[in-house]
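Subject: Handing over the structure

Hello,

Here is the structure I promised to pass on to you. Please open it beside this message and follow along as you read.

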Amino acid sequence: MSHTAGFQTDGATPPAQAFRDAMSRLIAPVALVTTSGPAGRHGLTVSALCSASAEPPSVLVCLNRDNRSHAAFVENGVVGISLLAPGDEALAMRFASSRITQEEKFSDNDWRESEGNPPVLVRAAAWLTGRVGAFYPAGSHDILLCHVQRIGLHAQDVAGLAWFGRDFHALPIPAEPVPA
Ligand SMILES: Cc1cc2nc3c(=O)[nH]c(=O)nc-3n(C[C@H](O)[C@H](O)[C@H](O)COP(=O)(O)O)c2cc1C
């Protein structure tokens with residue numbers, strides 16, 4: 001019996017919808033990615049984010065070039081990343097909206113921001129700020145290589161927030177701390 005119900009290709013490029021359906025089964029983080037500077041303050045929700053290197057600390061973020069905020073990341077050249085915890089699902093949906101202004105996105109909640117350091121959510125499970133070292137074009141998106149300069153960790157152990165099956169999922173606080 002075959003377990004594969006979906007689309008199989010024989011060398012041809014699979015349809016975009018088949019790809020989206022496959023990626024809906026990829027367990028992903030939920031983060032707010034922000035920037036500030038001459039092009040103004042912008043932010044959006046992302047799940048296409050991963051650790052790239054610990055030495056030096058760097059992360060990869062994939063941003064759609066059609067996003068309103070894309071040009072601001074290019075011009076400002078700095079990035080803030082707030083890893084969200086359960087309870088911030090509504091905030092994630094607000095930052096994923098293209099119908100509200102950037103000012104409305106940042107209208108409440110506690111943000112930590114200073115000259116050259118984009119806003120990060122104070123209550124985030126962890127936050128990072130840094131500069132964008134490179135933009136690598138990848139189809140509809142740009143892959144941003146972000147060099148991390150500052151890190152903040154929530155004072156308590158926090159639960160995780162995952163994006164899977166086009167929905168949010170709360171992950172429990174680990175019973176035993178994972179060794180660093
Ligand atoms: C859970 C979730 C994850 C998302 N991940 C990404 C992502 O990784 N990259 C991206 O460009 N957009 C992603 N989006 C879509 C953006 O958040 C959305 O297009 C947003 O409106 C862009 O904001 P802007 O138009 O103000 O730039 C995601 C949306 C949701 C709900």
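Below are some notes on the ligand, the strands and a few backbone details.

This is a predicted model, in which local features need pLDDT of at least 70 and side-chain atom pairs count only at pLDDT 80 or more, while totals for chains, interfaces and linings use all residues. Residues are numbered from 1 along each chain as its sequence is written, and side-chain values use heavy atoms, with hydrogens and water left out.

**The ligand**

Which polar side chains reach an oxygen atom of the ligand? Gln102 has a polar side-chain atom 2.8 Å from one, and a polar side-chain atom of Lys105 lies 2.9 Å from an oxygen atom as well. The backbone takes part too: a polar backbone atom of Ala48 is 3.0 Å from a ligand oxygen. These are polar contacts, meaning pairs of N or O atoms within 3.5 Å. Taken alone, the ligand exposes 650 Å², and the protein buries 85% of that (areas by the Shrake-Rupley method with a 1.4 Å probe).

**The strands**

Next come the strands, where two count as paired if DSSP finds at least two bridges between them. Strand β4 (residues 49–54) runs antiparallel to β5, with five bridges between them. A hairpin of two residues links β4 to β5, and Ser51 has Val59 in β5 as its bridge partner.

β9 (residues 126–138) has antiparallel pairings with two strands that I would point out. With β6 (residues 78–83) there are six bridges, and Val78 is partnered by Arg131 in β9. With β10 (residues 141–153) there are twelve bridges, and Trp127 stands opposite Gly152. The hairpin of β9 and β10 has two residues between the strands, and Gly139 there takes a positive phi near 60 degrees.

There is also an open sheet of three strands in the order β1-β11-β12, with antiparallel pairing. β1 (28–29) and β12 (167–171) stand at its edges with a single partner strand each, so one side of each has no neighbour in the sheet. β11 (residues 160–164) is joined to β12 by five bridges, and Gly160 stands opposite Leu171.

**Backbone details**

Two spots are worth a look with this in mind: most residues other than glycine have a negative phi, and most peptide bonds are trans. Where is the cis peptide bond? A cis bond joins Glu55 and Pro56, with omega about 0 degrees, and Pro56 lies in the loop between β4 and β5. Asn109 has a positive phi of about 75 degrees, although it is not a glycine. Asn109 sits in the loop between α4 and β7 (111–114).

How values were computed:
A polar contact is a pair of N or O atoms within 3.5 Å; within protein, one must be able to donate a hydrogen and the other to accept it, and residues adjacent in sequence count only if both atoms are side-chain atoms. Helices (H or I, at least four residues) and strands (E, at least two) are DSSP runs, numbered from the N terminus.
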